Amino acid sequence: MAEGDDSFSKSIEQENPTVPPPRPPPPRETPTASHPPRETNLTDERKQSLINSLRPTYLTEQEMETRLQPLFNIMTSSEEEDVALFQEVISKLTGSELWWMAYLLNSNFDHYFLEIARNRIGSIRLRTLFGKSDDADSFFLGPILRHFFHRNKVQMYDQILHHAIPLARDRYGSIKLRAIISDDDFSHCRNRLLGVVAFNALLLSYDAYGNFVVQHVLNLNNLRCTCDIALSLRGHYVELSFTHGGRYIVEKLLEREETGVLVVAELLECERDKLLRLARSVYGNFVVVTALKVTREDLFRGLVNKLKPLLPLLRRSHQSITIAEILESVP
């Protein structure tokens, strides 16, 4: 073929390119139903985790503390979800698991037990465990735990005895401690706890919450303990009478003949200016009135004689007007 014919053939091929046949469509896939990923129920997971942690088994100290942490969290939480979770978990535990829960709370990690007892919600949970709570939880827990925690109460109370003073000085711990002192199940150890309170009566009497524990112990009318408290506070009756809580403690000591003489003797030894300040103070005037009402014979006459020279000054104070009236009525 000539060169011109060859060029002509190429131009024909460019102008009329060969069109490839169309490809067949891909086969249609049969649709299948797809389910959305299942959402994890965090509450169920927490519940199961807590139940698992309360199953008795041998644990190292580290493992035991790991199990105590979620128990501590739920026992001190006020969230509605946690309250419901706590109730549900307890209701599902077997006897051995309930025993294990008591064991964990009574383990060597004292700080967990102490913090639970000092926490408002935690103290309610513990009262529930002792079967002494008016909280709604007791509907679920009381009958069960009273049975399974009977042996463990002694150990739990030993923990409280060990931490009695920090508990007494805590807002909610003070309430818990007073409840335990009155608990009949604690009668076999009560004297030990009363001894701890009496020995530390001075510290507790000046404390905002501890003074309520001292008052509670005095209300038991245990003569030996009352005398021990009076001896611990000797030399501090006047100063305590200037305080809100101390005033009630001193008055309770005045009301018992065996200890009242100690208080009146200290009032008689008090300098006149200080006695005047006490009689005209917001809290101290009640102590002086009580002393005048309950003291008999020689001590009463001695107190009247010490106060009568102060009568003109006592009349001028609204706080001491009752004292002035009592003095005026004495011949």
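Predicted model: local features only at pLDDT ≥ 70, side-chain atom pairs only at ≥ 80, totals over all residues.
Let's start with Glu-251, which is buried, at a relative accessible area of 11%. Buried here means under 20% relative accessible area, exposed means over 50%, and partly exposed is in between, with a 1.4 Å probe and protein chains only. Residues are numbered from 1 along each chain as its sequence is written, and side-chain values use heavy atoms, with hydrogens and water left out.

So what does the side chain of Glu-251 meet in a salt bridge? The partner is Arg-247, at 2.4 Å from N to O. A salt bridge, for us, is a side-chain nitrogen of Lys or Arg within 4 Å of a carboxyl oxygen of Asp or Glu. Arg-247 counts as buried too, with 12% relative accessibility. Both sit in helix H17, residues 244-254, four residues apart, so about one helical turn separates them. Helices here are DSSP runs of H or I with at least four residues, strands are E runs of at least two, and both are numbered from the N terminus. Why does that spacing matter? An α-helix has 3.6 residues a turn, so residues three or four places apart point the same way.

The structure has five salt bridges, and I'll show you some others. Arg-315 pairs with Glu-328, and their closest N and O atoms are 2.6 Å apart. Arg-315 is in helix H22 (residues 311-315) and Glu-328 in helix H23 (residues 321-329), so this bridge ties together parts 13 residues apart in sequence. Arg-315 is partly exposed at 43% relative accessibility, and Glu-328 is partly exposed as well, at 45%. Then there's Arg-256 with Glu-258, at 3.5 Å from N to O; Glu-258 is partly exposed, with 40% relative accessible area.

Okay, over to helix H14. Seven of its ten residues are buried, so H14 is largely enclosed by the rest of the structure. Among those buried residues are Val-213, Val-214 and Leu-218. What do the buried residues of H14 pack against? The list is H10 (164-168), H11, H12 (187-199), H13 (201-205), H15 (223-233) and our friend H17.

H11 (residues 171-181) packs on H14 (residues 210-219) at an angle of about 15 degrees, with the axes 9 Å apart. Axes are lines fitted to C-alpha atoms, for helices over the stretch in contact, and angles run from 0 to 180 degrees between N-to-C directions. That makes H11 roughly parallel to H14, since angles under 35 degrees count as roughly parallel, over 145 as roughly antiparallel, 65 to 115 as roughly perpendicular, and the rest as oblique. From H11, the contact uses Ser-174, Leu-177, Arg-178 and Ile-181, and from H14, Phe-212, Val-213, His-216 and Val-217. Contact means heavy atoms within 4.5 Å.

Last stop: H12 and H15. Their axes come within 8 Å and cross at roughly 20 degrees, which makes H12 roughly parallel to H15. Leu-194, Ala-198 and Phe-199 of H12 touch Cys-225, Asp-228, Ile-229 and Ser-232 of H15.
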